[in-house]
Amino acid sequence: MKQRILVTGGTGFIGSHTTVELQQAGYDVVIIDNLSNSKIEVLDGIEQITGVRPAFEKVDLQDKEATEKVFQKYPGIVGIIHFAASKAVGESVQKPLLYYRNNIVSLVNLLELMPQYGVKGIIFSSSCTVYGQPNPENLPVTEDAPHQKATSPYGNTKEINEQIIYDYIHSGANIKSIVLRYFNPIGAHPSGLIGELPNGVPANLIPFVTQTAIGIRPKLTVFGNDYNTPDGTCIRDFIYVVDLAKAHVVSMTRVLDQDTDPIEYFNVGTGHGNSTLEVIKTFEEATGVKLNWQFGPRREGDIEKIWGDCTKANKVLGWKAETPLGDVLATAWKWQLKLRDDGVM
């Protein structure tokens, strides 16, 4: 019998790609999503890719009673991959209480329900934002790098949630967890059937790039050109979303089927950084499309430069991000073209 996994935020960008990889690895997937930043049609793309339509429940995880009904309706859930969260850095600075309520209460509800329903493990979608702006001597950041004060309420919710999981397991709760600290997920499934589809104005760089390239946005603004980097723009570790999704599958297998420590932490990235201007240039080279862009002022909450040391994930999980940046950006463009052809945007 297939092991049943609950994927929260499963119609979102990373959640949908992870659902595909889980189903292709032989897991039975149940998705919870409140559709606040995704669309139900994503299920069609998942079904087209895998041949299986995952079970779906429209539930807000802040509602514990409604969340519990999902565990009752789908007995035998053995693992949770928890993506559901508000995630825009800029918005979190403007609406901190929304972020604290949504991101923290959702996790607490899930953790309380896990022992009641025999759920063994949770993979938590954390972020490199917990490292803040690392000191130069700590680049690339390892899992042991000191945590700096978060530069945004969004980043702070990731730090707080990591601590909540640690404290709960330390208290003797009979669950296990792997905390994955992502760098910057980008791209789309090579089929072009699922990808990043933010509601409204994108908060992330790549959708803004592709929407500008196709003419939805008149101009791309690069926030800041006076950072202490080779070209003055921020540097990030951009990881292909499909590579990232595969990291969740191997993590879930490890939590469920191996005798491991109750809580483990892994960086998931490429191990090197690219500046915003490098991304723009690589996109233009990969697609043949010239971008209309300009410099603008720095954006509050942005980190100057960060990339990860992912040696631990490479060795312990047997996982590696290997897709070249140009190939990744080409998948994002293919997805944007499909959205246009489908009349979505």
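Modeller: The discussion below takes salt bridges and then a helix pair.

Modeller: This is a predicted model, in which local features need pLDDT of at least 70, side-chain atom pairs count only at pLDDT 80 or more, and totals for chains, interfaces and linings use all residues. Residues are numbered from 1 along each chain as its sequence is written, and side-chain values use heavy atoms, with hydrogens and water left out.

Biologist: Why is the pair Arg53 and Asp44 called a salt bridge?

Modeller: The term requires a side-chain nitrogen of Lys or Arg within 4 Å of a carboxyl oxygen of Asp or Glu. For Arg53 and Asp44 the N to O distance is 2.8 Å, so the pair qualifies. Arg53 also meets Glu47 in a salt bridge, at 2.9 Å from N to O. The structure holds 14 salt bridges.

Biologist: Why do Arg53, Asp44 and Glu47 count as partly exposed?

Modeller: Buried means under 20% relative accessible area and exposed over 50%, with partly exposed in between (1.4 Å probe, protein chains only). Arg53 has 40% relative accessibility and therefore counts as partly exposed.

Biologist: What does the salt bridge of Lys64 and Glu112 tie together?

Modeller: The side chains of Lys64 and Glu112 meet at 2.7 Å, N to O. Lys64 lies in helix H3 (residues 64–73) and Glu112 in helix H5 (residues 96–116), so the pair ties together parts that are 48 residues apart in sequence. Helices here are DSSP runs of H or I with at least four residues, numbered from the N terminus.

Biologist: Why are H7 and H9 called oblique to each other?

Modeller: Helix H7 (residues 205–214) and helix H9 (residues 276–287) pack at about 40°, with axes 11 Å apart. Angles under 35 degrees count as roughly parallel, over 145 as roughly antiparallel, 65 to 115 as roughly perpendicular and the rest as oblique. H7 and H9 are therefore oblique.

Biologist: Which residues make the contact of H7 and H9?

Modeller: With contact taken as heavy atoms within 4.5 Å, H7 contributes Leu205, Ile206, Val209, Thr210 and Ala213, and H9 contributes Thr276, Val279 and Phe283.

How values were computed:
Helices (H or I, at least four residues) and strands (E, at least two) are DSSP runs, numbered from the N terminus. Axes are lines fitted to C-alpha atoms, for helices over the stretch in contact, and angles run from 0 to 180 degrees between N-to-C directions.
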